[in-house]
Amino acid sequence: MAGSGWTDRRPMSPHLQAWRWHATMYGSIFHRVTGVGLYGGAFLIAAWVVALASGPATYAVVEALMHSWPGQLLLFLWTMAVLYHLANGLRHLIWDGPMVGFSPRIASAWSFLNFAFAVLGAAAIWSLATLV
Amino acid sequence: MTTSTKSVRGLGAAGRGTEHHIRQRVSAIALIFLVPWFLSSVAFAMTAGYSGAIGWMQQSHNALLFILLLSAALYHMRLGLQTVIEDYIGRAGTKQALLIGNVFIVGGIYVVTLLSVLKLWLGNAA
C-alpha cells in the first residue's frame with residue numbers, strides 16, 4: 001500500500017506478493033475480509049430492527065427485500081461470514097490463551113475446517129429456519 | 001536487508017495498543033456466547049413474519065440478549081475497523097477523518113438499534 005500520499009514514516013511489514021499463498025494465509029485474510037463485511041452487515045441488521053420498530057408497512061418492504069433472491073444470497077453470505085469470523089476468532093483466542101494449534105499441519109487443517117464450518121453451518125441454519 | 005538504527009528510532013510502536021488488544025479479546029469472548037444464540041434465534045424470527053418477529057422481540061430475554069449482542073458486536077467492530085484503517089490508510093488527515101467517522105457510524109447504529117429494540121420491548125408492557 002505504498003501509494004502516493006503515505007505520510008506515516010514507520011517501517012512496514014512485507015506486502016502480499018512477498019508470500020507464497022497457503023491455507024493459514026487465506027484463513028487470516030478471510031478473517032479480515034469477513035470482519036469488514038460484517039461491518040456492512042451491521043447496517044442490514046440495523047435496517048431489519050428499525051423496520052420492525054417502524055411498523056408493518058415498513059417491515060413489509062424489508063421482508064420483501066429479504067425474500068428476493070439478492071436478499072436471500074446476502075443473508076446466506078452474511079451467515080457464512082459470521083460463522084467463519086466466529087470459528088476463526090475462537091481459534092485466535094485459543095492461540096492467544098492456551099497457545100495450542102501452531103504447528104503448520106494443524107494450523108492448515110484448522111483453516112480448512114473453519115471454511116467448511118462456515119459453509120455447512122450457514123446451509124444448516126437457513127434450511128432449518130425455512131423448514132420450521 | 002538492514003535498516004540503520006537512526007532511521008528506525010522513534011518510529012516503532014505507538015506506545016499504546018495493549019488495551020485495544022485486550023478489549024478486542026474480551027468483546028470476542030462475549031460474542032462467542034452471543035453470536036450462536038443470535039444466529040439460531042434471529043434466523044427464525046426473520047422467517048416468522050411481522051407478528052412473529054414482534055413476538056420474538058417482545059420476549060424479555062430476547063430483547064436483553066439482543067442489546068448485549070449489539071453492545072459487544074458494535075464495540076468489537078469499531079475496534080476491528082480502527083485497526084484496518086490504521087493498517088491501510090497512511091495519509092495523515094484522511095486516516096484521522098476515517099477513524100472519527102468509524103466512531104460516529106458505530107455510535108449512530110448503536111443508538112438507532114437500541115432505541116428500536118427498547119420501543120419494541122416496551123410495546124409489550126403498554
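1. The contact between the two chains draws 34 residues from chain B and 34 residues from chain A, where two residues are in contact if their C-beta atoms, placed from the backbone, lie within 7 Å. The model is a predicted one, in which local features need pLDDT of at least 70 and side-chain atom pairs count only at pLDDT 80 or more, while totals for chains, interfaces and linings use all residues. Residues are numbered from 1 along each chain as its sequence is written, and chains are lettered from A and ligands numbered from 1 in the order in which they are written.

2. On the side of chain B that touches chain A, at least two residues each come from α2 (18–46), α3 (49–58), α4 (60–88) and α5 (94–125) of chain B. Helices are DSSP runs of H or I with at least four residues, strands are runs of E with at least two, and both are numbered from the N terminus. α2(B) gives the largest share of that side, 10 residues. Sorted by class, the side of chain B that touches chain A holds 24 nonpolar, seven polar and three charged residues. Nonpolar here covers Ala, Val, Leu, Ile, Met, Phe, Trp, Tyr, Cys and Pro; charged covers Asp, Glu, Lys and Arg; the others, Gly among them, are polar.

3. Chain A has four helices and zero strands, in the order α-α-α-α from the N terminus. Its radius of gyration is 19 Å, well over the 14 Å that the globule rule gives for 132 residues, so chain A is more spread out than a compact globule. That radius is taken over C-alpha atoms, and the globule rule is 2.2 Å times the number of residues to the power 0.38. The C-alpha trace of chain A spans about 55 × 40 × 25 Å along its principal axes. Among the contacts in chain A with a separation of 6 or more, 71% join residues 24 or more positions apart.

4. Chain B has five helices and zero strands, running α-α-α-α-α from the N terminus. The radius of gyration of chain B is 20 Å, well over the 14 Å that the globule rule gives for 126 residues, so chain B is also described as more spread out than a compact globule. Its C-alpha trace spans about 70 × 30 × 25 Å along the principal axes. For contacts in chain B with a separation of 6 or more, residues 24 or more positions apart account for 72%.

5. Burial: 27% of the 132 residues in chain A are buried, and 21% of the 126 residues of chain B. A residue is buried if 20 or more other C-beta atoms, placed from the backbone, lie within 10 Å of its own, exposed if 12 or fewer, and partly exposed in between.

6. The largest nonpolar core has 43 residues, of which A:Leu52, A:Leu83, B:Ala73 and B:Met77 touch the most other members. Such a core is a set of buried Ala, Val, Leu, Ile, Met, Phe, Trp, Tyr and Cys residues joined through C-beta atoms within 7 Å. Two or more residues of this core come from each of α1 (23–54), α2 (56–67), α3 (69–96) and α4 (104–131) of chain A, and from each of α2, α3, α4 and α5 of chain B. α3(A) gives the largest share, nine residues. Not counting residues up to four places away in sequence, A:Leu52 touches A:Tyr59 and, in chain B, B:Ala53, B:Ile54, B:Met57, B:Ser116 and B:Leu120.

7. The axes of α3(A) and α2(B) come within 10 Å and cross at roughly 140°. Axes are lines fitted to C-alpha atoms, for helices over the stretch in contact, with angles from 0 to 180 degrees between N-to-C directions. Residues that meet here include A:Val82, A:Leu86 and A:Leu90 in α3(A) and B:Ile29, B:Ile32 and B:Val35 in α2(B). By class, this contact of α3(A) with α2(B) has nine nonpolar, two polar and two charged residues.

8. A:Met80 is in helix α3 of chain A and counts as buried, with 21 C-beta neighbours inside 10 Å. Leaving aside neighbours within four places in sequence, A:Met80 is in contact with A:Ala118, A:Val119 and A:Ala122. A:Met80 and A:Ala118 are 38 residues apart in sequence and 4.9 Å apart in space, C-alpha to C-alpha.

9. Two loop residues may be checked. A:Met99, in the loop between α3 and α4 of chain A, has a positive phi of about 55° although it is not a glycine. A:Met99 is exposed, with 8 other C-beta atoms within 10 Å. B:Gln59 lies in the loop between α3 and α4 of chain B and counts as partly exposed, with 14 C-beta neighbours inside 10 Å.
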